[in-house]
Amino acid sequence: MKEIRLTEDRRDRLIGQLQSLFEREFDEKLSAFRAEQVLDLMLNTLGPGIYNQAVQDVRAHLQSKLDDLDGEVYVDDRT
């Protein structure tokens with residue numbers, strides 16, 4: 001699997017969201033460094049499973065489209 005890379009802007013937004021979550025839900029101020037550590041942990045532990053599920057979902061979707069292809073474009077050549 002490819003390494004999950006975030007743009008700097010997206011990473012900053014996620015860090016801010018984590019800091020807001022911890023302050024709102026746990027009444028704990030989370031430094032940017034600690035929020036980055038939490039984000040990296042989540043990406044490394046949850047990322048591969050989410051990625052694999054997304055690949056399987058796309059595969060199933062494409063397979064259903066391929067299975068339907070005969071019905072969509074088949075021309076009866078028995079005349």
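Met 42 counts as partly exposed, because its relative accessibility is 36%, between the 20% limit for buried and the 50% limit for exposed. The model is predicted. Met 42 sits in helix α2. Together with Leu 46 and Ile 50, Met 42 makes a nonpolar surface patch of about 290 Å².

Two helices, α1 (8–26) and α2 (32–73), each supply at least two lining residues. The largest share, 6 residues, comes from α2. By class, the lining comprises 9 nonpolar, 1 polar and 2 charged residues.

The loop between α1 and α2 contains Asp 27. Asp 27 is not a glycine, yet its phi is positive, at about 50°. Asp 27 counts as exposed because its relative accessibility is 71%, over the 50% cut-off.

Salt bridges were examined next. The structure holds 6 of them. Side chains of opposite charge can pair when their charged atoms come close. Arg 13 is partly exposed, at 48% relative accessibility.

A further salt bridge joins the side chains of Arg 11 and Asp 40, at 2.6 Å from N to O. This pair links distant parts of the chain. Arg 11 lies in helix α1 and Asp 40 in helix α2, 29 residues apart. Both partners are partly exposed: the relative accessibility of Arg 11 is 21%, and the relative accessible area of Asp 40 is 27%. Arg 11 and Asp 40 also belong to a network of salt bridges that includes Glu 36.

Glu 28 forms a salt bridge with Arg 34. The closest N and O atoms of this pair are 2.9 Å apart. Glu 28 is partly exposed, with 27% relative accessibility. Arg 34 is likewise partly exposed, at 42%.

Notes: Residues are numbered from 1 along each chain as its sequence is written. This is a predicted model: local features need pLDDT of at least 70, side-chain atom pairs count only at pLDDT 80 or more; totals for chains, interfaces and linings use all residues. Side-chain values use heavy atoms; hydrogens and water are left out. Helices (H or I, at least four residues) and strands (E, at least two) are DSSP runs, numbered from the N terminus. Ala, Val, Leu, Ile, Met, Phe, Trp, Tyr, Cys and Pro count as nonpolar, Asp, Glu, Lys and Arg as charged, and the others, Gly among them, as polar. Patches are made of residues with over 30% relative accessible area and no salt bridge: like charges are joined within 9 Å, nonpolar side chains (Val, Leu, Ile, Met, Phe, Trp, Tyr) within 5 Å. Accessible areas come from the Shrake-Rupley method with a 1.4 Å probe; for residues, only the protein chains shown count as cover. A salt bridge is a side-chain nitrogen of Lys or Arg within 4 Å of a carboxyl oxygen of Asp or Glu. Buried means under 20% relative accessible area, exposed over 50%, partly exposed in between (1.4 Å probe, protein chains only).
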